[in-house]
Amino acid sequence: MTWTGSTIRSAKLAPAIEDFIQYKRALGDLYIEPANVLKAFLRKTGDLELDALTSVHCEAFLPVKGGEVTNFWFKKYEALDRFFRFATSRGYMKHRILPTSMPDRPPRFIPYIYSTDDIRRLLGVPDSHYPRTCPLSPDTMRTFILVLYGTGLKLGELSRLTHAGADLRNAKLLIRETKFGKSRLVPIGKDLVSILRLYRMRHRPGVGYQRPPTILATKIGMMIRNDHADHEFEWLRREAGVLRFDSARYQPRLHDFRHTFAVTRLLTWYRQVKDVQRMLPLLSTYLGQCGIDETSVYLRMTRELLQEANRCFERYAFTEVHNG
């Protein structure tokens, strides 16, 4: 169903939320996480008349304990804020009811950038060390890591990658139904083509068995769930001794391979004396982002990246002075 711009028949919360979600999706946004937030708010408050909502309902949904909140608190706040702006602009309610005083934001999240030594350690954990209860085989876990490291895909994008979507002959991966409901082709290098081809051969089903729909699968042939992959990786990085001892709140995660890919690509371009500003839109497209602003989230300024940026500036400055 698409949004047609029709007004809701009653000024109740449930139809107003549904109207807003359809409106956002008509603009091309999948609007999944914010929609879940609004539905959770509906379950918390009940299907009240919009004019019956007060700040008490919002404060119950957005509790502040001890003055500290998480980043998810702000995501919930932003989802409600946009919905209430929509509702007031259409006359569904008279005024917004969100709290006016805002708590401090938590410290900025610092992603972990994997080194080549980290990768060697993760891949070097022997098969015999893996617990039998792990849903992914050691071979699948290693392949999962290598593909994330070499492509910067999101966990869900890789987990949903089908055999039909892995065009190894042309060295391309078809990533379907990503952000904003679009699909994209991701080119891959010869090494990854070889890794995926050999993995597919090793995991070819026997006679009478059906091949799993996804190219990477669990031991029982099911699609890999994010929580299963995260849980097994948490064990693996501890076993491999891949830890961080800085002030960051989180230990290295699978999602940090996406950050690592973006930073490594930028570092490579600097070393190849590429025009990085012109290349950034290509990186955004490759990662499935809408623009450079979204991609900048993944570009943490590491020491190596800063050194290469400084060298690039020095070359530019030297050329300017020499030509002057």
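1. What share of the 324 residues in the chain is buried? Buried residues account for 39%, where buried means under 20% relative accessible area with a 1.4 Å probe, protein chains only.

2. This is a predicted model: local features need pLDDT of at least 70, side-chain atom pairs count only at pLDDT 80 or more, and totals for chains, interfaces and linings use all residues. Numbering starts from 1 along each chain as its sequence is written, and side-chain values use heavy atoms, with hydrogens and water left out.

3. The chain has 13 helices and 3 strands. These are DSSP runs (helices H or I, at least four residues; strands E, at least two), numbered from the N terminus.

4. Take contacts (heavy atoms within 4.5 Å) between residues at least 6 apart in sequence: 63% join residues at least 24 apart.

5. Helix α1 (residues 13-26) packs on helix α2 (residues 33-45) at about 180°, axes 10 Å apart. Axes are lines fitted to C-alpha atoms over the stretch in contact, and angles run from 0 to 180 degrees between N-to-C directions. The pair is therefore roughly antiparallel (over 145 degrees). Contact residues include Phe20 and Ile21 of α1 and Phe41 and Leu42 of α2. By class they divide into 9 nonpolar, 1 polar and 2 charged. Nonpolar covers Ala, Val, Leu, Ile, Met, Phe, Trp, Tyr, Cys and Pro; charged covers Asp, Glu, Lys and Arg; the others, Gly among them, are polar.

6. Helix α6 (residues 138-151) and helix α8 (residues 190-202) cross at roughly 160°, with axes within 11 Å. So α6 is roughly antiparallel to α8. Among the contact residues are Leu146 and Val147 of α6 and Leu192 and Tyr199 of α8. This contact has 6 nonpolar, 4 polar and 2 charged residues.

Definitions and conventions:
Buried < 20%, exposed > 50% of the residue type's maximum accessible area, 1.4 Å probe, protein only. Parallel < 35°, antiparallel > 145°, perpendicular 65-115°, else oblique.
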